[in-house]
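Please read the following walk through a single protein chain with the model open beside the text.

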Amino acid sequence: MSELPPSLWAETAIEAPSCPRLTEREEADVVVVGAGYTGCSAAIHLASEGKRVRVLDAAQPGWGCSGRNGGQVNPGGQRATPNEVVQTLGEDWGNRFVQMGHETCDLVFELIEKYQIDCEAVRPGYVQGGWGNQGLDYQREWAQQWGKRGVETELLNQRQISDLIGSEYYSHGMYDPRGGNVQPMSFARGLAHAAIEEGAVIHGESK
């Protein structure tokens, strides 16, 4: 079995599911490559619709970047503002992409609640700090454009951001209520457990 590099996440994560190696020919409606967040989420949704799903991972669920990131659930899906996305992709695809980014945080926490994933999830919102004029125009645009789309973002002065995060370093900031945090490896393993619960089969050590 692939050895996990030492980390806080590996030491404190929930138990990994059993994901036997693929050793013989099998059939499925859908084969998903990779048992990270995207692969396991795809397996959950496909299996819940009655598809026969097999997931192949070269190591184990959460072994790669899904189990090694900072655990931030950041809103928006991209650094570009909604208007920039629409300008680049056009009205139809641009708005669809923006809406997908808007729904990502909700999807994470909905899956956690539905499948009772024990991953230390919290959702106090997302705070971005800035100094001087650095990033101020961007934060204003972000807050204004997402505000028009119904998100109650808030621009923060130095006192407000200091009260929120306990640091006096930033001269201004922005608060977005959609964000949160998870224990990333526990979330990855929890998604894998949920996919198996829905009927998907996950094969580890199966390049």
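Rings of Phe, Tyr and Trp (its six-membered ring) are taken to pair if their centres lie within 6.5 Å; planes under 30 degrees apart count as stacked, over 60 as edge-to-face and the rest as tilted. By that rule Trp131, Tyr169 and Tyr170 belong to one aromatic cluster. This is a predicted model, in which local features need pLDDT of at least 70 and side-chain atom pairs count only at pLDDT 80 or more, while totals for chains, interfaces and linings use all residues. Residues are numbered from 1 along each chain as its sequence is written, and side-chain values use heavy atoms, with hydrogens and water left out.

The chain has seven helices and eight strands; these are DSSP runs numbered from the N terminus, with helices being H or I of at least four residues and strands E of at least two. Along the principal axes, the C-alpha atoms fill a box of roughly 60 × 40 × 25 Å. Of the 207 residues, 40% are buried, where buried means under 20% relative accessible area, exposed over 50%, and partly exposed in between (1.4 Å probe, protein chains only). Contact means heavy atoms within 4.5 Å. Among contacts between residues at least 6 apart in sequence, 77% join residues at least 24 apart.

The structure holds five aromatic pairs. Trp131 and Tyr169 count as stacked because their ring centres are 5.7 Å apart and their planes are at 25°. Trp131 lies in the loop between β4 (126–130) and α5 (136–148) and Tyr169 in the loop between α6 (158–165) and β6 (172–176), so the pair ties together parts that are 38 residues apart in sequence. Trp131 is partly exposed at 46% relative accessibility, whereas Tyr169, at 55%, is exposed.

Another aromatic pair, Tyr138 and Trp142, is tilted, with 6.0 Å from centre to centre and 45° between the planes. These two residues are four apart in helix α5, so about one helical turn separates them. Trp142 is buried, its relative accessible area being 2%.

The loop between β4 and α5 also holds Gly132. This glycine is partly exposed, with a relative accessible area of 36%. Which residues does Gly132 contact, leaving aside its neighbours within four places in sequence? They are Ser171 and His172. The C-alpha atoms of Gly132 and His172 are separated by 7.7 Å, although the residues are 40 apart along the chain.

Charged side chains also meet rings. A charge sits over a ring if NZ of Lys or CZ of Arg is within 6 Å of the ring centre and within 35 degrees of the ring normal. The charged end of Arg96 is placed in this way over the ring of Trp93, 4.0 Å from its centre. Arg178 has its charged end over the ring of Trp146, at 4.1 Å from the ring centre.

Ser66 is in the loop between β2 (53–56) and β3 (72–73). Is Ser66 buried or exposed? With a relative accessible area of 11%, Ser66 is buried. Not counting residues up to four places away in sequence, Ser66 touches Gly36, Tyr37, Pro184, Met185 and Ala188.
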